[in-house]
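Colleague: I would like to go through the inside of this protein. Please keep the terms plain.

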Amino acid sequence: MIVDNYGFGKKVRTLRSQKNLTLQELAKKTKRSVSLLSQIETGKVSPSFSTMRIIADALDISLSRLILDEEAGETRDSCLMEVRERKILTTQGGVQHQLLSRNLALPFEFISFEIPPGASTGEELYTHEGLECGLLLEGTIEIQVSDKVYRMKPGDTITLNSSIPHNL
């Protein structure tokens with residue numbers, strides 16, 4: 001199942017309104033322009049992953065909860081999640097994110113990233129709560145963690161504290 005960017009923007013607008021935040025206040029919290037946030041809310045702009053994460057953090061909600069739709073059945077008891085049930089979100093630069101875990105009550109999010117050659121999660125480093133673990137299946141990728149750059153090749157793994165500024 002595909003998660004459309006307009007749906008993401010509508011949820012941002014709804015949550016922002018529920019929290020009684022103006023676009024200006026959200027812009028200040030996210031360090032993003034009012035114009036960019038407005039374009040995201042109306043679906044005119046596909047935000048980068050880092051911008052989506054920053055918006056989710058500013059709204060005090062996990063990114064997976066922000067991108068899932070209510071009828072997704074994410075609360076079902078099944079341990080199995082079939083391929084057809086995956087939520088897929090495509091962000092700026094064609095980066096595709098697939099949510100691989102169904103139960104949002106877990107203390108982690110299990111996500112698969114497909115990053116086209118030359119694409120990234122955004123130009124700037126970003127932080128968020130939690131830990132990240134990654135396994136590179138094919139291709140090569142550079143991951144910047146603080147001021148150090150790691151170059152991964154197929155089979156390499158990485159684990160990092162997400163509170164340290166990073167970027168893919």
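Colleague: How many residues does the largest nonpolar core have?

Modeller: This is a predicted model, where local features need pLDDT of at least 70, side-chain atom pairs count only at pLDDT 80 or more, and totals for chains, interfaces and linings use all residues. Residues are numbered from 1 along each chain as its sequence is written, and side-chain values use heavy atoms, with hydrogens and water left out. A nonpolar core is a set of buried Ala, Val, Leu, Ile, Met, Phe, Trp, Tyr and Cys residues joined through side-chain atoms within 4.5 Å, where buried means under 20% relative accessible area with a 1.4 Å probe, protein chains only. Phe8, Val12, Leu26, Leu59 and Leu63 have the most contacts (heavy atoms within 4.5 Å) inside the largest core, and its size is 22 residues.

Colleague: Which helix gives the largest share of this core?

Modeller: Helices here are DSSP runs of H or I, at least four residues, numbered from the N terminus. At least two core residues come from each of helix 1 (5–18), helix 2 (23–30), helix 3 (34–41), helix 4 (49–58) and helix 5. The largest share, six residues, belongs to helix 4.

Colleague: Which residues does valine 12 touch?

Modeller: Residues up to four places away in sequence are not counted. What remains is Leu26, Glu41, Ile55, Leu59 and Leu66.

Colleague: What is the volume of the largest cavity?

Modeller: A cavity is a set of points on a 1 Å grid over the protein atoms alone where a 1.4 Å probe fits but cannot get out. Grid points are joined across faces, edges and corners, and the volume is the space filled by probe spheres set on them. There are two cavities of 30 Å³ or more, and the largest has a volume of about 70 Å³.

Conventions. 1 Å grid on protein atoms, 1.4 Å probe; cavity = no way out; pocket = protein on both sides within 12 Å on 5 of 7 lines; lining within 4 Å. Buried < 20%, exposed > 50% of the residue type's maximum accessible area, 1.4 Å probe, protein only.
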